[in-house]
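Q: Could we go through this structure together, a few spots at a time? I would like to begin with individual residues and then turn to helix packing.

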Amino acid sequence: MPRHIPDLVRQHDSWRYTKCINLQPSENILSPAVRKILGSDMAGRYTLRSNEFIDNGGAPNSYGGTRFMDEVEAEGAEIASRLFGAQTSLKPISGHIASLLLFASVCRKGDTVMSISSMDGGYDGYGSAFIPDIFSLKSIDLPFDRTRWNIDAEKAASAIRSNRPRLVILGQSFILFPYDVKAIHDACSDAGSILAYDASHVLGLVAGGVFQRPIQEGCDVLIGSTHKSFPGPQGGIFATNDEAIWKSFHRNTTWRIIDNAHWNRIAALAQAMYEMKKNGRNYAHRIQMNSAELGKQLSDIGLRCRFPELGYSKSHQLHLDPESVARTGTTFGGLSAKLEDNDIIVDTTGRIGTSEVSRLGMGRPEMKKIASLIGEALQGRNVRAKANKLRRSFVIHYI
Ligand SMILES: Cc1ncc(COP(=O)(O)O)c(C=O)c1O
């Protein structure tokens, strides 16, 4: 007899929403307002406005009953444009789809693209077997300095000048520190390359005005997911001040990469943009403070985080030192399983994320508690009740 779906969802929600301490850097928690909007009637509706590329036979929209959805989208795009410093679309239905839209909008078959290798923490999707393969592009890795966990800006600038790629993409799935965008921007200008920044992981920090401001620092395009450090529903954004790229983005959106853009998601994202406009700066500062503190506290209990000499991190992520984890007799996967038994959630790649605990208003004292719970769990003690109690004493902040 299959278990009842609403019952499974209720159990999931109760577990993840009231008991778990979530330290996954690719996830976040939604405000009650955003969650409610996701379940609105808009989840079952369509809108398709006419534009330069879509002709609805003279009608402004090929669907009826769209007036509120169209207003919500315009309002959300307007707030997002102010947050990111460029005209912004909320239509990409994920970070990956925003990437596809970027490639479709600026690259042609045979072009060269440069990005950070997945061996250096770059996004797997930019590997030659994935998105570049779809568009028949040549893919070259950007030089990376693993000792500083950052792009080697000098070598990257010279590689860009000699390879003259059509597109350079900054951004990583394993990201700790901001890049020297200016040096790379200057090289891209010389080489005639378009410079894009995939802020999927750090979008909440960018929106909060910390970490870095890709558009203001010289990037032509900003793309990203809206649900990692940015506390919105799962989705994506595409932002640019370049009119030709903006036009090409619109040409490539409807009926090429997407059709229905999920209007309940867009409404929920517009609400999350509003929350970030109001309180994003404090939230982003809290994340950076908590990352530095948790890095120190974990290292103090013998679970060393990488790059102590650089303050561990300027982002919402910490990277555990694999040797230090091995010394406790386990692996990243083993650590994840052990912690999950205690309602503390981390992924299996050695990343620890501070977005969600920061959104709950936790601060330095709680980072110390979390490190100590992790240490106890690693020693085989059951700390589930303590983890549940800590989680329950916090509600969502910055809304
Ligand atoms: C840097 C980067 N870009 C893009 C993506 C894809 O994002 P999404 O899961 O929203 O499609 C990810 C996913 O983890 C990522 O880390």
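Q: Is Lys386 buried, partly exposed or exposed?
A: In this predicted model, Lys386 has 19 other C-beta atoms within 10 Å, so it counts as partly exposed. The cut-off for a buried residue is 20 or more.

Q: And which element holds Lys386?
A: Lys386 is found in helix H15, residues 384-392.

Q: How many Å separate the C-alpha atoms of Lys386 and Ile134?
A: They are separated by 48 Å, and the two residues are 252 places apart along the chain.

Q: Now Pro308: where is that one found?
A: Pro308 is in the loop between H10 and strand E11, the latter being 317-319.

Q: Buried or exposed?
A: Pro308 is exposed, because 12 other C-beta atoms lie within 10 Å of its own, and a residue with 12 or fewer is classed that way. Its C-alpha atom is separated by 38 Å from that of Ala33, 275 residues away along the chain.

Q: Let us move to Leu269. Where does it lie, and is it buried or exposed?
A: Leu269 lies in helix H10. It is buried, as 30 other C-beta atoms are within 10 Å.

Q: What does Leu269 touch, leaving out residues up to four places away in sequence?
A: Leu269 touches Gly76, Leu90, Thr226, Gly232, Pro233 and Gly235.

Q: How does H10 pack with H14?
A: H10 and H14 (residues 364-378) pack at an angle of about 35°, and their axes are 9 Å apart. Here the crossing is right-handed. On the H10 side the contact uses Asn290, Glu293, Leu294, Gln297 and Leu298, and on the H14 side Arg364, Met367, Lys368, Ile370, Ala371 and Ile374.

Q: And what classes do the residues of the H10 and H14 contact divide into?
A: Six are nonpolar, two polar and three charged.

Q: Switching to H9: which of its residues are buried?
A: Phe249, Asn252 and Thr253 are buried in H9. They are on the same side of the helix, because they cover an arc of only 105° around the axis.

Q: What is exposed on the other side of H9, and what covers the buried residues?
A: Glu243 and Ala244 are exposed on the other side. The cover over the buried residues includes strand E2 (87-89), H4 and strand E10 (236-240).

Q: What follows H9?
A: Trp255 follows H9, with a positive phi near 75°, although this residue is not a glycine. Trp255 lies in the loop between H9 (243-253) and H10. It counts as exposed because it has 11 C-beta neighbours inside 10 Å.

Q: His262 is in that loop as well. What is its phi?
A: Phi of His262 is near 65°, again a positive value in a residue other than glycine. His262 has 20 C-beta neighbours inside 10 Å, so it counts as buried.

Q: Finally, the ligand. How many residues surround it?
A: There are 15 residues around the ligand, and the closest are Ser94, Gly95, His96, Ser173 and Ser225.

Q: Which helix gives the largest share of that shell?
A: Helix H4 (residues 95-106) gives the largest share, three residues. In terms of class, the shell has one nonpolar residue, 13 polar and one charged.

Definitions and conventions: Residues are numbered from 1 along each chain as its sequence is written. This is a predicted model: local features need pLDDT of at least 70, side-chain atom pairs count only at pLDDT 80 or more; totals for chains, interfaces and linings use all residues. A residue is near a molecule or strand if its C-beta atom, placed from the backbone, lies within 6 Å of it. Helices (H or I, at least four residues) and strands (E, at least two) are DSSP runs, numbered from the N terminus. Ala, Val, Leu, Ile, Met, Phe, Trp, Tyr, Cys and Pro count as nonpolar, Asp, Glu, Lys and Arg as charged, and the others, Gly among them, as polar. The arc is that of the directions from the helix axis to the C-beta atoms. Two residues are in contact if their C-beta atoms, placed from the backbone, lie within 7 Å. Axes are lines fitted to C-alpha atoms, for helices over the stretch in contact, and angles run from 0 to 180 degrees between N-to-C directions. A crossing is left-handed if the near helix is turned anticlockwise from the far one by less than a right angle, and right-handed if clockwise.
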